[in-house]
Amino acid sequence: MAMQEITTTDTALKAIIIGGGIGGLTCARACLDAGIEVELYEKRDLDSMLSGPGGIFIQRNAMRIYEQLWEGRILQHLYERGGKILKGGFFSDKGTLLYLNSPEFVKAEDLGVCLLRPELQHILYNALPEGTVRTNAAFADFCQTPDGIQVLFADGREAWGDVLIGADGLYSKVRSRLEGKEQSEPPIYSGMCCWRGWFYKKDLPLDERYTWAELWGCGNRFGYFDVGGGRFAFYGFSNTAAGGNDEAVGGAKKALQALFSSYADPIPAIIETLDEQSIYRDDIFDREPKGMQWGRGRVTLIGDAAHPVQPNLGQGGCMAIEDCFELVKYLIVGQETGEDISARLRQFEQSRSQRVEKVFTVSRQVGKLGQTDSPIGCFLRNWIYRLTPTWLGDLQFKWLFDYDAKSPVYRIRNYA
Ligand SMILES: Cc1cc2nc3c(=O)[nH]c(=O)nc-3n(C[C@H](O)[C@H](O)[C@H](O)COP(=O)(O)OP(=O)(O)OC[C@H]3O[C@@H](n4cnc5c(N)ncnc54)[C@H](O)[C@@H]3O)c2cc1C
């Protein structure tokens, strides 16, 4: 797509965004930067919209977008609150290094930033003018007319716009209404659940050389990462049937102790410090890719609403961030060339489909490796990883970071 100068007066569009997660909030900022009017509707109240379990990696590909949005102010806040992603790696459960990753492989000083989820939500929310986000508004349906789109909410409210962007996550109602259903199809269970939370580093014996580490056992793994301010987030995955809970073993902390007490230091020590109330447990799901078309007419989807993936690459949210930037790019460039909105949205979806499909596939592959549960399979996995040269290991991930966020959007800032 050719770069061109566009002025904000050319773009008199109005976008209705459903969902105040990473995708919806970032999309709202990207729209405003491009001179697109925005209303964002979120079904939860503000406090719960700004909450969330554990931490999140915002990796270099997504950081390139935040560099450009809102004069780089989001990026600056991410660095102020979060912890830089520097050296880290995969280890066996006994602590043997299997693969070491460092920012040099993408010729950058860091690979991005990790943050606690509520802090990320606050930063993104605070990047929007007051009144942009309307909470306690559950999307119910939409109705397209030749001139625009009418959006209906469960409490009887209505909104009008030129485009409807469904950023309402894994169980997207916008997606289900696009498919003519009341509720979305059940997502696909990955075979594993995940415990998440965070802890203060204090005197814990964490290896100072690494800002993140993931230890692989048989059918389970445990990771932790620096989220800034002397705090680390953690996650533990385990193969298990869907819909389980920790009641039978006496709670989440006991469940983690039972699974990970034989792991090398510092894992047992980390678990020991955890506060039972602050551990969240979720089942992990994804959905088969939708292909080249995600929406219809003036309606499109972004983030988990369009392409939920297993979290093994830490890229689901980063893909939502990339979607926002690309969507806005197609909206404003198409405005210049006189293309109708529906065509612009379909071009956006096509432009994203290959990349998100690859993330989906590789996320599943990495999950399969990480969650291998036969002793011989684990032995072979660890042996292969240990013998693989670092440069070859890096190639598995390099394509993710090579994403180039270039757009005329960044030339037409319109800060409110
Ligand atoms: C264990 C785990 C670890 C992860 N780690 C990472 C990581 O390190 N890096 C990374 O990039 N990604 C990670 N991800 C993935 C990431 O969390 C998701 O991809 C990301 O949150 C998706 O953002 P979203 O905005 O599309 O959807 P969501 O964050 O799910 O937001 C959807 C929003 O829509 C609202 N909503 C839902 N229905 C309605 C309705 N009817 N009306 C109005 N509002 C509605 C919801 O309340 C919610 O606020 C991880 C995921 C998991 C499970």
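Biologist: Which residue in β14 stands opposite Phe-91?

Modeller: The structure is a predicted model, in which local features need pLDDT of at least 70 and side-chain atom pairs count only at pLDDT 80 or more, while totals for chains, interfaces and linings use all residues. Residues are numbered from 1 along each chain as its sequence is written. Strand β5 (residues 88–92) and strand β14 (residues 212–216) pair in the parallel sense over five bridges, where two strands pair if DSSP finds at least two bridges between them. In β14, the residue opposite Phe-91 is Leu-215.

Biologist: In what order do the seven strands of the open sheet stand?

Modeller: Strands (E, at least two residues) and helices (H or I, at least four) are DSSP runs, numbered from the N terminus. The pairing in this open sheet is mixed, and its seven strands follow the order β6-β5-β14-β15-β16-β13-β17.

Biologist: Which strands stand at the edges of that sheet?

Modeller: An edge strand here has a single partner strand, so one of its sides is left without a neighbour in the sheet. From one strand to the next, the twist averages 20°, with axes being lines fitted to C-alpha atoms (for helices over the stretch in contact) and angles running from 0 to 180 degrees between N-to-C directions. The edge strands are β6 (97–101) and β17.

Biologist: Is Leu-97 buried, partly exposed or exposed?

Modeller: Leu-97 lies in strand β6. A residue is buried if 20 or more other C-beta atoms, placed from the backbone, lie within 10 Å of its own, exposed if 12 or fewer do, and partly exposed in between. Leu-97 has 13 C-beta neighbours inside 10 Å, so the residue counts as partly exposed.

Biologist: How far apart in space are Leu-97 and Phe-142?

Modeller: In sequence, Leu-97 and Phe-142 are 45 residues apart. In space, taken from C-alpha to C-alpha, the separation is 52 Å.

Biologist: Which strands stand at the edges of the sheet formed by three strands?

Modeller: This open sheet has the order β9-β10-β11, with antiparallel pairing. Each edge strand has a single partner strand, so one side of each is left without a neighbour, and the two concerned are β9 (139–145) and β11 (158–161). Direction ignored, neighbouring strands of this sheet are turned against each other by 20° on average. To name the edges again, they are β9 and β11.

Biologist: Why is strand β1 largely enclosed by the rest of the structure?

Modeller: Strand β1 (residues 14–18) runs parallel to strand β2 (residues 37–41), joined by five bridges, and pairs in the parallel sense with strand β12 (residues 163–166) over four bridges. Ile-17 has Leu-40 as its bridge partner in β2 and stands opposite Ile-165 in β12. Strand β1 is largely enclosed because the number of its five residues that are buried is four.

Biologist: Where is Pro-266 found?

Modeller: Most residues other than glycine have a negative phi, and most peptide bonds are trans. The peptide bond from Asp-265 to Pro-266 is cis, with omega near 5°. Pro-266 is found in the loop between α7 (252–260) and α8 (267–273).

Biologist: Is Lys-107 buried or exposed?

Modeller: Lys-107 lies in the loop between β6 and β7 (112–116), and its phi is near 55°, a positive value in a residue other than glycine. Lys-107 has 7 C-beta neighbours inside 10 Å, so the residue counts as exposed.
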